[in-house]
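Please open the structure in your viewer and keep the selection tool at hand.

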Amino acid sequence: MIAETGDLTEIIKIVRPQAPTIDEYGDEVSSSDEVIYPMLYAMLRSKNANDVEKNLSTLSTSAQFVIRHRFSGEPIITTDMELIHNNERYKITNFNVDTQYKNFDVIICQKAPE
């Protein structure tokens, strides 16, 4: 098993960034994010250098978060979304669904450039 319910001690937020709009003066106006999940409990999975093939830059910017399995009536997590954890933004690069046991899913992401 990937995790236990008691391991989900981190709080994350899933958003879909909105493209900036242009106002009537031609200025770019930033749009607020579309909130997909305002609060999910997650476990930050520890990383092993062997998992990222000895690429230390990838090791320092990648993260995996384990969450409870998302069911069919809930919004689908996709790679056009971002994850926010401790005021850090991460671009979601993959979402692994637990199709066998339907207990925990894994969000794989990279720290978003600042």
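**Stop 1**

Select glutamate 82, which is buried, with a relative accessible area of 13%. The model on display is predicted. Arginine 89 is partly exposed, at a relative accessible area of 30%. Buried here means under 20% relative accessible area, and exposed means over 50%; glutamate 82 at 13% therefore counts as buried, whereas arginine 89 at 30% falls in between.

**Stop 2: Strands β6 and β7**

Select residues 82-85, which are strand β6, and residues 88-96, which are strand β7. These two strands pair in the antiparallel sense over 4 bridges. In general, strands of a sheet pair through backbone hydrogen bonds, either parallel or antiparallel. Which residue stands opposite arginine 89 of β7? It is isoleucine 84.

Next, select asparagine 87, in the loop between β6 and β7. Asparagine 87 is exposed, with a relative accessible area of 79%. Its phi is positive, about 65 degrees, although asparagine 87 is not a glycine. A further positive phi, near 55 degrees, belongs to lysine 102, also a residue other than glycine. Lysine 102 lies in the loop between β7 and β8 and is partly exposed, at 42% relative accessibility.

**Stop 3: The barrel**

In what order do the 6 strands of the closed barrel run? The order is β1-β4-β5-β8-β7-β6, and the pairing is antiparallel. On average, neighbouring strands of this sheet are turned by 45 degrees against each other, direction ignored.

**Stop 4: The nonpolar core**

Select Ile12, Ile14, Phe65, Ile67, Ile77, Leu83 and Ile107. These are the residues with the most contacts inside the largest nonpolar core, which has 17 residues. The elements that give two or more residues to this core are β1 (10-16), β4, β5 (62-68), β7 and β8 (104-111). Which strand supplies the largest share of the core? Strand β4 does, with 4 residues.

**Stop 5: Further salt bridges**

The structure holds 6 salt bridges. For one of them, select lysine 111 and glutamate 88, whose side chains meet at 3.6 Å, N to O. Lysine 111 lies in strand β8 and glutamate 88 in strand β7, so this pair ties together parts that are 23 residues apart in sequence. Both residues are partly exposed: lysine 111 has 31% relative accessibility, and glutamate 88 has 30%.

Another pair to select is arginine 70 and glutamate 74, whose side chains meet in a salt bridge of 3.1 Å, N to O.

**Stop 6: A nonpolar patch on the surface**

Finally, switch to a surface display and select Ile11, Met39 and Tyr41. Together they form a nonpolar patch on the surface, with about 310 Å² of accessible area. Tyrosine 41 is found in strand β4, residues 34-45, and is partly exposed, with a relative accessible area of 44%.

Technical notes: Residues numbered from 1 in each chain as written. Predicted model: local features only at pLDDT ≥ 70, side-chain atom pairs only at ≥ 80, totals over all residues. Heavy atoms only, no water. Patch = residues over 30% accessible without salt bridge, like charges linked within 9 Å, V, L, I, M, F, W, Y side chains within 5 Å. Areas by Shrake-Rupley, 256 points an atom, 1.4 Å probe, with all protein chains shown as cover. Salt bridge = Lys/Arg side-chain N within 4 Å of Asp/Glu carboxyl O. Buried < 20%, exposed > 50% of the residue type's maximum accessible area, 1.4 Å probe, protein only. Pairing = 2+ DSSP bridges. Axes fitted to C-alpha atoms, helices over the stretch in contact; angles between N-to-C directions. Core = buried A, V, L, I, M, F, W, Y, C linked by side-chain atoms within 4.5 Å.
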